[in-house]
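Me: I would like to learn how to read the features of a model. Can you take me through one, feature by feature?

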Amino acid sequence: MIMLAQQHPDFNFVGIDYHLRSLYMGIHHATALNLRNLRFIRADLRTFTPYMPSGSIEEASVLFPAPIVNPKHDENDVLNAPFIQQVNRTLDDNRNLLFVSDAEWYFNEKATLADEVKYLMNK
């Protein structure tokens, strides 16, 4: 996101994360580069997205969320069907959710879920 903020100074970017270390690193780096078009919010995306206006986002990225290995902890998974529905609702028309993971099985599972959610929303 920092690189995008540098490349597009006329656009505003918001980084949302719950983990303080990730936020600190982003804030530190953005401050060092004097980026004035980038802000950070500490929040759990699952509780934050329902309050975002429909169509208010041009692009959404979920980068390297922790894969949930134990099914007992599925409720902690950021990328669940309700969250993907909320993100799709907030995106401008024909925009996509960018999702990156280094766990191939998790990526494939969530990509399939995202396709299913998008299909059901477009019915």
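Predicted model: local features only at pLDDT ≥ 70, side-chain atom pairs only at ≥ 80, totals over all residues.

Me: Where is Asn34 found?
Reply: Asn34 sits in the loop that joins α2 (20-32) to β2 (38-42).

Me: What should I look for in the backbone there?
Reply: Look at phi. Most residues other than glycine have a negative phi. Asn34 has a positive one, near 55 degrees. This residue follows α2.

Me: Which loop holds Phe64, and what is the phi of Phe64?
Reply: Phe64 lies in the loop between β3 (60-63) and α4 (81-90). Its phi is positive, about 50 degrees, and it is not a glycine.

Me: Is Phe64 buried or exposed?
Reply: Exposed. The cut-off is over 50% relative accessible area. Phe64 has 51%, so it counts as exposed.

Me: How do I check the span of a helix such as α2?
Reply: Count 1.5 Å a residue. The 13 residues of α2 should span 18 Å, and its end C-alpha atoms are 18 Å apart, which agrees.

Me: Which residues of α2 are buried?
Reply: Leu23, Gly26 and Ala30 are buried in α2. They cover an arc of only 70 degrees around the axis, so they lie on the same side of α2.

Me: What does the face turned away from that buried side carry?
Reply: Exposed residues: Leu20, Arg21, Tyr24, His28, Thr31 and Ala32.

Me: What do the buried residues of α2 pack against?
Reply: They pack against α1 (2-7), β1 (13-17) and β2.

Me: Can we see that packing from the strand?
Reply: Take Phe40, which is in strand β2. Leave aside neighbours within four places in sequence. Phe40 is then in contact with Gly15, Leu23, Gly26, Ile27 and Ala30. Leu23, Gly26 and Ala30 are the buried residues of α2 named above.

Me: How exposed is Phe40?
Reply: Phe40 is partly exposed, because its relative accessible area is 26%.

Me: Now the cores. Which residues touch the most other members of the largest nonpolar core?
Reply: Leu79, Phe83 and Ile84, out of 15 residues in that core. The elements that give it two or more residues are β3, α4 and α5 (104-121).

Me: Which residues does Phe83 contact, leaving aside its neighbours within four places in sequence?
Reply: Phe83 is in contact with Leu45, Arg46, Thr49, Val62 and Val78.

Me: And what about Ile84?
Reply: Ile84 lies in helix α4. It is buried, with a relative accessible area of 2%. Beyond its neighbours within four places in sequence, Ile84 is in contact with Leu79, Leu113, Ala114 and Val117. Ile84 and Leu113 are 29 residues apart in sequence, but 8.6 Å apart in space, C-alpha to C-alpha.

Me: Which residues does the second, separate core include?
Reply: Ile2, Ala5, Leu35 and Leu38 are among its six residues.

Me: What does Leu97 show about contacts along the chain?
Reply: Leu97 is in strand β4 (residues 97-100). Neighbours within four places in sequence aside, Leu97 is in contact with Ala60, Ser61, Val62, Leu79, Val87 and Leu91. The C-alpha atoms of Leu97 and Glu58 are separated by 9.6 Å, and these residues are 39 apart along the chain.

Me: How do I describe a pair of aromatic rings?
Reply: Give the distance of the centres and the angle of the planes. A search of the whole structure finds three such pairs. Phe99 and Tyr106 are edge-to-face, 6.0 Å centre to centre with 70 degrees between the planes. Trp105 and Tyr106 are also edge-to-face, at 5.6 Å and 75 degrees.

Me: Which residues do the ring pairs link into a cluster?
Reply: Phe99, Trp105, Tyr106 and Phe107.

Me: How exposed are Trp105 and Tyr106?
Reply: Trp105 is partly exposed, with a relative accessible area of 44%. Tyr106 counts as buried, because its relative accessibility is 1%. Phe99 is buried too.

Me: Where does Arg42 lie relative to Tyr18?
Reply: Arg42 lies over the face of Tyr18, at 4.5 Å from the ring centre.

Key: Residues numbered from 1 in each chain as written. Heavy atoms only, no water. Helix = DSSP H or I, 4+ residues; strand = E, 2+ residues; numbered from the N terminus. Buried < 20%, exposed > 50% of the residue type's maximum accessible area, 1.4 Å probe, protein only. Expected span 1.5 Å × (residues − 1). Arc of directions from axis to C-beta. Contact = heavy atoms within 4.5 Å. Phe/Tyr/Trp six-rings, centres within 6.5 Å; stacked < 30°, edge-to-face > 60°. Lys NZ or Arg CZ within 6 Å of the ring centre and 35° of its normal. Core = buried A, V, L, I, M, F, W, Y, C linked by side-chain atoms within 4.5 Å.
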